[in-house]
Amino acid sequence: MIKSIIGNIDFVESLRGKKATYILAMSNTATANIEGITQAGIPGQIYLTPTLDSEFLCSGEVRSLEDVAKTPKGVPTPALITRAVHLLNPFSNIELLDLGIEVKPKLEYFKIHNMQIEPSKSIVEGANIDAMAVFQKGLVFGQAYELKDDYLILAESVPSGTTTATATALALGYKCREMFSSSFKEVPNSIRDTTINKALENISKEDDLFSVLSKVADNMLVFYAGVILGLNNKLKVILAGGTQMACILLIVNAVLKTMEAEFETSNLSLCTTKWVYDDKNSDIKALLEMLDFKLNAYYADFDFALSSHPALKLYDSGEAKEGVGAGAALAYGFLNGQDKKTITEKIESFLG
């Protein structure tokens, strides 16, 4: 039910029956306002996606809008998958990271770490992030974090995040233009390529690593890179996501190179969905093989073959693919005795 992308299966098997704290990083980048670049949410209200995802995940309700975020084609948010697993076998804790969102979620009793970061600008004009400050906030958060459970799942909800991730990895010198996934089945390459090319034009030879990140990244990428280095392998961690999480690791890799530092990663892993792993338009394995450190990475072998719901079938045809930690949530479900049928039925119950 859980398969290796790179590394071996032992790390994830060691988590069987164990409990996790789930952290969702929420962030907005104005890159998502570029028409046609993302379908991670409702046209004209894409900025609400992280807010709605966090509300639904935590409470089972969407409070800042009337309905769960769906793409124009009717693909429901992957938050449904993560919520379904959480109901069947709850995460011990859900915590939220506010890394610059336009609208705060309407939630009580849930721990929301407000990191005092502004939403980032469009990478076309320059993202205008103080990347060093955001990175240091992540570093401090990681160093100080006290885990109450067996392991930590780090997830994200950042519309247009694969575009900013692609631009970031390219700007850092990785040869990876065709390796990043998209929320679309048919990737809007002309819009995306134009956006990325314009972003890369803002980079100059004088820019150091953090100047580059300030121009082309998003807050989540930079913050989580800091968190990983701050945690420094002291906790078992699953990066919950696909190519965006790979980009975070590429940033970590670049930081380590700049510092000429060694880094122990035996407790660090990544887990994504089968939809990302099978995606013909991206290559998560190749991205992870660019790292100079070892990593265990997995995908949850789950699809909607057992469902007849047309909205869910869109996932199997290549839409959406990942988000809100769906892959790691499915793996968490499998590690705690859930099966494909039970999870599918629970997800279907949200859609009526």
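Contact here means heavy atoms within 4.5 Å. The structure is a predicted model, in which local features need pLDDT of at least 70 and side-chain atom pairs count only at pLDDT 80 or more, while totals for chains, interfaces and linings use all residues. Residues are numbered from 1 along each chain as its sequence is written, and side-chain values use heavy atoms, with hydrogens and water left out.

Ser183 lies in the loop between α5 and α6. Helices (H or I, at least four residues) and strands (E, at least two) are DSSP runs, numbered from the N terminus. Ser183 has a relative accessibility of 15% and counts as buried. Buried means under 20% relative accessible area, exposed means over 50%, and partly exposed is in between (1.4 Å probe, protein chains only). Leaving aside residues up to four places away in sequence, Ser183 touches Thr38, Gln39, Ala40, Glu319, Ala320 and Lys321.

Asn28 sits in another loop, between β2 (20-26) and α2 (49-59). Asn28 is buried, at 5% relative accessibility. Its contacts, again without residues up to four places away in sequence, are Tyr47, Pro50, Gly100, Ile101, Glu102, Pro119 and Ser120. Tyr47 is 19 residues from Asn28 along the chain, yet their C-alpha atoms are separated by 6.1 Å.

Burial also marks helix α3 (residues 79-88). The buried residues are Ala79, Leu80, Ile81, Thr82, Arg83, Ala84, Val85 and His86.

Helices α8 (residues 219-231) and α9 (residues 243-259) pack together. Their axes come within 9 Å and cross at roughly 60 degrees. Axes are lines fitted to C-alpha atoms, for helices over the stretch in contact, and angles run from 0 to 180 degrees between N-to-C directions. The two helices, α8 and α9, are therefore oblique to each other. Angles under 35 degrees count as roughly parallel, over 145 as roughly antiparallel, 65 to 115 as roughly perpendicular and the rest as oblique. From α8, the contact takes in Met220, Leu221, Tyr224, Ala225, Ile228 and Leu229. The α9 side includes Gln244, Met245, Cys247 and Ile248. The residues of this contact divide into 14 nonpolar, 1 polar and no charged. Nonpolar covers Ala, Val, Leu, Ile, Met, Phe, Trp, Tyr, Cys and Pro; charged covers Asp, Glu, Lys and Arg; the others, Gly among them, are polar.

Salt bridges were counted as a side-chain nitrogen of Lys or Arg within 4 Å of a carboxyl oxygen of Asp or Glu. The count comes to 12. Asp303 and Lys274 form one of them, at 3.1 Å from N to O. Asp303 lies in the loop between β8 (296-300) and α12 (310-316) and Lys274 in helix α10 (residues 274-277), so the pair ties together parts that are 29 residues apart in sequence. Asp303 is buried, at 13% relative accessibility. Shared partners join Lys3, Lys274, Asp301, Asp303 and Lys340 into one salt-bridge network.

A salt bridge also joins Asp193 and Arg177, with the closest N and O atoms 3.5 Å apart. Asp193 belongs to helix α6 (residues 189-201) and Arg177 to the loop between α5 (161-171) and α6, and 16 residues separate the pair. Asp193 is partly exposed at 26%, and Arg177 is partly exposed at 30%. Glu13 pairs with Arg16, the closest N and O atoms being 2.9 Å apart. Glu13 has a relative accessible area of 35% and is partly exposed. Arg16 is partly exposed too, at 43%.
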